[in-house]
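Me: I have a structure open and would like to talk through its ligand sites. Could we take them one at a time?

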Amino acid sequence: MEIQLIGITVLWIFLYGYLIVASIDFGAGFFAYYGKITKQDHIINSIISRYLSPVWEVTNVFFVFFFVGLVGFFPSTAYYYGTALLVPGSIALVLLAIRGSFYAFGNYGVKESNVYTFLYGATGLLIPASLSTALTISEGGFISEEEGTVVFLVKELFTSFYSWSVVFLAIVSVLYISAMFLCFYADKAKDWPALEIVRKFALFWSPPTILASFLVFLALRAHNLEHFNNMLDYSYMFILSFICFNIAVWLVYRNKRYGTAFIFVMLQFFFAFFGYGVSHLPYILYPYITLETGFTNETMGIALVIAFIAGLFLLIPSLILLMRMFLFDANYVQGNREK
Amino acid sequence: MPELDSAILSRLLTSLTLGFHIIFATLGVGVPLLISGAEWIGIRRKDDHYRLLARRWTRGFVVTVAVGVVTGTCIGLQLSLLWPSFMEVAGQVIGLPLFLETFAFFFEAIFLGIYLYTWDRFKNPYFHWLISVPVVIGSTLSAFFISTVNAFMNAPKGFKLENGKIIEIQPLIAMFNPATPTKATHVISSAYLTSAFVLAAITAFMILKKGNNEYYKKALHFTMVSGFVFAISTAIIGDFSGKYLAEYQPEKLAAAEWHFETEEGADLIVGGILDENGEVKYALRMPNFLSILAHGNPNAEVIGLEEFPAEETAPLFIHYLFDLMVGIGMFLVALSAQYLWSYKRKKGNPYSKYLLMLIVASGPLAMLAIEFGWIFSEVGRQPWILWHVMETTDGATTSEHVGSMFLLFFGLYVVLGWICTAVLLKMFRGNPAETEFEEMDQR
Ligand code: HDD
Ligand code: HEM
Ligand code: HEM
């Protein structure tokens, strides 16, 4: 494999990781808030916080890893995206900052506060919406280079059907992924009342997820036909994704094997995300940056890949340890352990 | 008054974010070391006071870490948003340590999560302590990596520039540039130092308020001894930083010291003002000390500002920042030495009111020294963003919206700083140490 391809694969895997862990976190924030206003919080909020407390920082690092890696492997993305996205990027940052710190303030610091929970819930939906626009922009048509400077075409973005369909998809899949995960977690915790509630969330949000995905396909066809045609070449990826979706929902519907169901959710997004990603190539930012033109030099590329492999040797065992402590340790999950 | 163009505004916003982040980052690097030390002593001596200390520090630490993480995310992304041209160029050479830094964060974040929720999980208490070790290593490594990036900006090495293109890149040479040894060690040592004094200050404040008991005495002793060690190491490494500057960035040293003419046996100027003729007045002159700081030899020659074109030297106000940083450093050495002296002597009283009040002041002062040090170092590099390679104004974004973004982030930091303080106060007032160790004694 060429070094560029390795680079983008590494980054894409991390973005996929972020997609999963962040969706769980974002969606959980929303459900915690929803639970509060519908007075079900005493049932579901304890499992939510038992999962989130030890891992929220790790979630954030996934994101940092992605954008630092992107600039490392493809420095010219810093130039184009950086110049164009000052305002939306800053707004997303402020939201992320509010979310992360308020989570910590509320959870580790003082007891419950309605304001914190509200902010935590609201940002849970706003952040995915704003982050997803970075992918929208990569399709081209929202940035133009004029007289040596890069301009962000805000009006195009806000009036584009494609861009709204992506936002819609981002929000519903966050809720879907998160609810599916909470089913697994509640089941593991043997917390049946909580499971009953989150199972309803999961089933409720699954049809919109598929609907939104079809919308995005249609919209992309109108927006960037070239990419759409590329996607057709990889249609088997999307079909696999759809099959996984059906298995996952069926398992949850039949009320069994929640762990397996969540693995199928992960596979569903894996196939869709990589199908989307591979058909997007060679463009990183259409039509300005491709794998070739945007790549850092060969030496740095190799250094980064070596660093990455060495880093994995550290990370994977640590992540496994973390999961064994908080995901697969039945005693912890059931709340039988003190902090 | 210079015009507020996007380059100036980008600088302001960068300084704002870094100036705020650095407070939490410094604690993030130093406090884990102290927590780990306290827990270790606690297990070793079977002393529950020390273990309680570790627990209570950890609780506060989680809150400050959260602010460190979110502001760090801000600065990380802002580097690309505000300095796109700089990152496009520098990213090609210095991407490696930035990338490694995120691994260090990852490592730290994972083990911090485990550490927080496993206090009573293991039969053997050393297992829990062991988990603090990767947290300490991760945070210190992240400080190391980010310092190498900043060192690279001061001493860019490991590449060649030909017709505006960067060639012959050597990532490791870029990372281990001449500025790295002093920069990284001084940053890490001063972070340990500051964390020790901040925790000592809180303890001293509690003793003043509530009178002393065993728990506070142990906390004060532990933090002051650590503070003494790191104050000395910071001062020694600071001296080496001066020697680095003399060799590689003489114009920065000269601007900081108001050293205008190249001469042998140069005097160190402390304080003072510049009159309209550019003469130094009311300053304390320490004969030959600048030569010692710069070269370790009282008669060595120190290069003066006259040898550099005026547009390539930094603003002269950094002189005060340097003096303040060094002054605070000397004060911290003296203060912790005084404490130890009173502690060791039979007749000494390490808990006298005046000493405790000075210790209370030392925490904020150490943090100020960090801020002064950074502003001195960053402003002192001007007009370069990459020393003698790229000027700051050429690295900046061309966007017109930096001003409003400045206001946005300013608001964010005010809110974060405010609530963080309120949460910390509430946390420790609502659950004082006394009740906690009484509960513990009953068990
Ligand atoms: C508690 C904080 C603290 C204390 C007490 C000191 N420093 Fe410092 N100093 C820093 C915190 C710091 C810093 C924030 O960490 C800086 C800013 C940039 C850097 O590399 O480290 C720094 C930079 C810095 C530099 C500039 C390095 C450069 O720009 O490359 C010099 C020459 C010194 N220091 C020298 C000293 C001396 C001689 C001290 C004597 C006691 C001293 N510092 C105490
Ligand atoms: C001496 C200077 C600095 C030190 C000691 C420092 C240290 C730290 C620490 C300890 C954290 C918390 C990380 C965690 O607990 O996971 C942090 C967060 C962060 N810092 Fe800084 N930092 C410094 C300056 C910078 C600069 C200049 C940048 C920009 C390139 C930066 C980027 C970040 C990022 C992106 C995060 C968030 C990482 C996460 O999500 O965990 N830091 N920093
Ligand atoms: C590690 C902790 C750091 C701190 C606390 C820090 C602090 C500061 C401060 C106070 C300024 C304002 C100087 C001025 O307005 O003239 C500044 C400027 C700047 N810093 Fe640093 N800096 C750090 C490291 C870094 C690193 C690692 C980078 C880049 C990777 C960086 C990039 C910049 C840039 C681009 C500017 C604006 C240009 C300038 O004014 O120098 N800084 N920094």
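Me: Let's start with ligand 3, then; how many residues surround it, and which are the closest?

Reply: Ligand 3 is surrounded by 19 residues, and the closest are B:Arg11, B:Trp83, B:Glu378, B:Arg381 and B:Gln382, where a residue is near a molecule if one of its heavy atoms lies within 4 Å of it. Before going on, please note that this is a predicted model, in which local features need pLDDT of at least 70 and side-chain atom pairs count only at pLDDT 80 or more, while totals for chains, interfaces and linings use all residues. Residues are numbered from 1 along each chain as its sequence is written, chains are lettered from A and ligands numbered from 1 in the order in which they are written, and side-chain values use heavy atoms, with hydrogens and water left out.

Me: Switching to ligand 2, where does it lie?

Reply: Ligand 2 lies between chains A and B, and among the closest of its 23 surrounding residues are A:Glu57, A:Asn60 and B:His21.

Me: Which protein donor does its iron atom have?

Reply: The only one is B:His21, through NE2 at 2.1 Å, and this residue sits in helix H1 (residues 6–44) of chain B. Donors are N, O and S atoms within 2.8 Å of the metal (3.2 Å for Na, K and Ca), and water is not among the atoms, so sites may look incomplete.

Me: What about polar contacts with the oxygen atoms of ligand 2?

Reply: A polar side-chain atom of A:Asn60 lies 2.7 Å from an oxygen atom of ligand 2, and an N or O atom in the side chain of B:Glu108 is 3.0 Å from an oxygen atom of this ligand.

Me: And which helix supplies the largest share of this shell?

Reply: For ligand 2 the largest share, seven residues, comes from H2 of chain B.

Key: Helices (H or I, at least four residues) and strands (E, at least two) are DSSP runs, numbered from the N terminus. A polar contact is a pair of N or O atoms within 3.5 Å; within protein, one must be able to donate a hydrogen and the other to accept it, and residues adjacent in sequence count only if both atoms are side-chain atoms.
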